[in-house]
Amino acid sequence: MAAASASSSLSLLPRTLNRHSSNPHPGRLSLPGLITPKKQALQTRHGRRSRATVRAAAVETLQKADTSLVEKSVNTIRFLAIDAVEKANSGHPGLPMGCAPMGHILYDEVMRYNPANPYWFNRDRFVLSAGHGCMLQYALLHLAGYDSVKEEDLKSFRQWGSSTPGHPENFETPGVEVTTGPLGQGIANAVGLALAEKHLAARFNKPDSEIVDHYTYVILGDGCQMEGISNEVCSLAGHWGLGKLIAFYDDNHISIDGDTEIAFTESVDTRFEGLGWHVIWVKNGNTGYDEIRAAIKEAKAVKDKPTLIKVTTTIGYGSPNKANSYSVHGSALGSKEVDATRKNLGWPYEPFHVPEDVQKHWSRHIPEGAALEAAWNAKFAEYEKKYKEEAAELKSIITGELPAGWHKALPTYTPESAADATRNLSQQCLNALAKVLPGLLGGSADLASSNMTLLKMFGDFQKDTPEERNVRFGVREHGMGAICNGIALHSPGFIPYCATFFVFTDYMRAAIRISALSEAGVIYVMTHDSIGLGEDGPTHQPIEHLASFRAMPNILMLRPADGNETAGSYKVAVVNRKRPSILALSRQKLSQLPGTSIEGVEKGGYTISDNSSGNKPDVILIGTGSELEIAAKAGEELRKEGKTVRVVSLVSWELFDEQSDAYKESVFPAAVTARVSIEAGSTFGWQKIVGSKGKAIGIDRFGASAPAGKIYKEFGITVEAVIEAAKAVC
């Protein structure tokens, strides 16, 4: 009964509904100028394990089918990809054709997963960083028995409403862990997934119970290697000693523009050794099945380093006329070449056909996966009996169920509370939340003492202290954001945060966009949010950033004005697990304002002061962040002159847009067109709020280097400017 109970409590609901023995180019076997790693290709064979052993726990010896069946399975993967791309007349067949052997060995012989429950916690994770080759992953999920990829889904590849989109999307296809496509993002996500596993294992495993034990596998290509983000994150992976991260580098030397000799001639092997990785070279990735198996075994034996397995393949393997060329990278083969490839590889079957013996062989993954999960659930039930407190924390991270009353830990403030920068108030919130949220962890891009993001009760997550919850990312903003995406998508109860100066979101925008797209609830703690940072000048002063993130779908842009609004922003950010949040925080001290509240922030916009009646103020003044105080002071002055004035905090446009029409009318009555906004940033978008008869005060040029007060005065971000504008509109 205990095992059944654990199974029930930890069973997650889906997040959405929804080169070369037979190489036709043998010359590629020897690549001039290539520096090989210390370990050359391996030739070790491993015996078959029984099904009972597979069901038990970790599979350290690889289960093998006979070679002829493996080849048939590999060709099945190839032709499912070829046929889907051909039917869609769109896609990338080359990578699946070249990577099919390593894909087969991973999904059929190595990885532990349950097709019936793609979200089983202790599954191995797979990331296709070279996401354009997604038909490889769809074919593998189809063969393994995932309901998300049926034959009809393969036939509707890249079509409207399909669960097989043009790049892997975790929110569309159960079995896909993260959203990839922009090159380099996937390997970065994989580092985040591996970090999460190492952290949880260090926190929760006991000498008598290894409850967290899974690997992260990733396939990346030359394009991923060229993108700077991959070096950022792989440097961190080596530094952190992520021994359960195993990356397969599809070394096919082809990119869209042609042979990589035109732009990419470095020794990847040497670079990764310098980054602290164990490096293995599989010379024959086309048919060297035992070399791939032996490389995986060696990688698993290295516990203190991540492993890069360079697998030299032929892109478009099997295509007589297009293999080893850029023409097979990103377009369908064409019917004549498909026929020629079928003939070349001896494939007599119709499109999308899975031979019966291949289907029968793969069908075992459904019962074996269920047995793996059941065994783990029973193990967790025993763990729960012995370690109740730890089990409760781990269960919260696994399920995403927040502890009861967690939000009561957030601090509150009164107008009598001391003025402070919202970055400091943010640190108070983070440290309060860390005591009650087991999944909260994160850090800064070498700015922790300036972003104020250190969790004071914890040490640093490092190679030898992975149980700690302060993550030191170094000056790697882009990699930081993408790693946090991986952490967030590892388990629903992880709440990762990361920090830098707001202007440096420019370095990490691609990762933030993927957060929003992939429904990864990362909290972006962005300080130094305006010209208010002062003397550092325009290189560090954000102008267009607020407007740009307000334009991004599925993300919350929050700019709190004081302590209560900062606490409210954190409450909103924690609750929104499928929507990332950006908190724009001040460097300068701000007063604690009357009328602000956590509850107001939850509505996005709300009235903080109003001396009007009948919902008919003479003028509405609107501010965000540090400028809300300016609006409030202007309102006080205007009231002294007999005006009825409503002051509104518009901390989050997105949350306000989600309120009822009646609520929005209560804040911004349509009949009141006299509106003035003030924000130390671009005025772009504000007409939506103030209307054609209102005025938006802001900054539509770059900033300047001077003390903050002087800059505010010179740019007209002042009480006087608000009063003047208000008198002009009412």
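Visitor: Which helices and strands are among what covers the buried residues of H16?
Guide: This is a predicted model, in which local features need pLDDT of at least 70, side-chain atom pairs count only at pLDDT 80 or more, and totals for chains, interfaces and linings use all residues. Residues are numbered from 1 along each chain as its sequence is written, and side-chain values use heavy atoms, leaving out hydrogens and water. Helices (H or I, at least four residues) and strands (E, at least two) are DSSP runs numbered from the N terminus, and contact means heavy atoms within 4.5 Å. The cover of H16 includes strand E8 (440-444), helix H17 (448-451), strand E11 (495-501), strand E12 (523-527) and helix H21 (563-575).

Visitor: How many of the 13 residues of H16 are buried?
Guide: Buried means under 20% relative accessible area, exposed over 50%, and partly exposed in between (1.4 Å probe, protein chains only). Among the buried residues are Thr422, Arg423, Leu425 and Cys429. H16 is mostly covered, and the number of its residues that are buried is 11.

Visitor: How far apart are the end C-alpha atoms of H16?
Guide: The expected span of a helix is 1.5 Å times one less than its number of residues. For the 13 residues at 422-434 that rule gives 18 Å, and it agrees with the separation in the model, which is 18 Å.

Visitor: Is Ser581 buried or exposed?
Guide: Ser581 belongs to strand E14 (residues 581-584). Leaving aside residues up to four places away in sequence, Ser581 touches Val522, Ile523, Tyr524, Leu556, Leu558 and Ala573. Because its relative accessibility is 0%, Ser581 counts as buried.

Visitor: What distance separates the C-alpha atoms of Leu655 and Lys603?
Guide: Leu655 sits in helix H24 (residues 653-657) and is buried, with a relative accessible area of 5%. Not counting residues up to four places away in sequence, its contacts include Val601, Glu602, Lys603 and Gly604. Leu655 and Lys603 are 52 residues apart along the chain, and their C-alpha atoms are separated by 5.7 Å.
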